[in-house]
Amino acid sequence: MLHSHGPGEQLKAEEVELTAGPGETLVEMRLASVTPLDRSTLAGRQPTAPFVPGSEGAGVVVSSDVIEAGTPVVVRGEGVGVTRAGVWGRYAVVPNAAVHRLPSALEAGTALALMTPALTAHTAVRRVADVQEGETVVVTGVTGLVGCMCAAIARSAGAARVIGLVSMDDRADDASGLVDQLVRVDGLGQVGRELPWCDAVIDTMGGPVAGGVLGHISPGGRIAVLGYKAGEFTTIDLHQLIGRDLRVLPVNLQRTVLAPDAVGQALAGIAGTSWRADYDVMTADRIGEVLDRPAGRVLLDLTTL
């Protein structure tokens, strides 16, 4: 329970009686993420104390009118840990819509560790680029975690072909199983002729790569610009932009509201990959140490409460 913001003893374990009402699910929590949103809550930018933090976690359903008891689930969304009590406890009562089945092929820790990049990829691929079944999709920077998730989400969206762009000096072992073809791009954004025409590009690199890949988008196609680690500036050929009726679509995560099925689709995308993220698991009584650490993939073991 969060009792105060700022210095001093902010968090203290307490016994609270929980009862699920209509439209709610009681979950026995096992793991919880420590997200930037949780840190914001603890810093006093969210509801007043006392308050139970925790915007994202995994556990097992105890009782629900929509999911059978004993089902492994991920809890996220619907204001959990933000505008209503969160999941940092042995049990949590949450809205039914915040409960998402955990795919059998997915381990709970991996699901939580990859949730944020997977939802970022989901926003870029499904909401902004609106990738459709049968399309050819290019993902730049596919060796990075977000790029990897973009490739997985594009595949789960029904893309017929997924092509990954990697820089000349990047290792591509982890991404090779996610894409149908790997193409190298140099530091000037020059892409070889082996890159085929595509319907959509998910660009995590920006810089000259964004401008270079435009020449390979089919008429009426689009590029969703997600990042700019290769540079904040690019050159766009307006003749081909206008002549081929291309669309340049920024991915602004702060202004995009997640669709109700976004978490479930993101989990399905993660389950379809062999990527397993590195993360640390710490007992819940060490939350102070977790909060003192730089941001990273840290999970709380709630079974220790």
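Which residues in helix 2 meet which residues in helix 3? On the helix 2 side they are Leu114, Pro117, Ala118, Thr120, Ala121, His122, Val125 and Arg126, and on the helix 3 side Leu145, Val146, Met149, Cys150, Ile153, Ala154 and Ser156; contact here means heavy atoms within 4.5 Å. By class, this contact has 11 nonpolar, three polar and one charged residues, where Ala, Val, Leu, Ile, Met, Phe, Trp, Tyr, Cys and Pro count as nonpolar, Asp, Glu, Lys and Arg as charged, and the others, Gly among them, as polar.

A word on the model before going on. It is a predicted one, in which local features need pLDDT of at least 70 and side-chain atom pairs count only at pLDDT 80 or more, while totals for chains, interfaces and linings use all residues. Residues are numbered from 1 along each chain as its sequence is written, and side-chain values use heavy atoms, with hydrogens and water left out.

Back to the two helices. Helix 2 (residues 108–128) packs with helix 3 (residues 145–156) at an angle of about 55°, their axes 8 Å apart. Helix 2 is therefore oblique to helix 3 (angles under 35 degrees count as roughly parallel, over 145 as roughly antiparallel, 65 to 115 as roughly perpendicular and the rest as oblique). Their crossing is right-handed. Helices (H or I, at least four residues) and strands (E, at least two) are DSSP runs, numbered from the N terminus.

Six strands form an open sheet in the order 8-7-6-9-10-11, with parallel pairing; two strands pair if DSSP finds at least two bridges between them. Strand 8 (181–185) and strand 11 (247–250) are at the edges with a single partner strand each, so one side of each has no neighbour in the sheet. On average, neighbouring strands of this sheet are turned by 20° against each other, direction ignored. Strand 10 (residues 217–225) pairs with strand 11 in the parallel sense over four bridges, and alanine 224 has leucine 249 in strand 11 as its bridge partner.

Seven salt bridges are present in the structure (a side-chain nitrogen of Lys or Arg within 4 Å of a carboxyl oxygen of Asp or Glu). In one of them, arginine 76 joins glutamate 56, with the closest N and O atoms 2.8 Å apart. Arginine 76 lies in strand 3 (residues 72–76) and glutamate 56 in strand 2 (residues 56–63), so the pair ties together parts 20 residues apart in sequence.

Terms used. Axes are lines fitted to C-alpha atoms, for helices over the stretch in contact, and angles run from 0 to 180 degrees between N-to-C directions. A crossing is left-handed if the near helix is turned anticlockwise from the far one by less than a right angle, and right-handed if clockwise.
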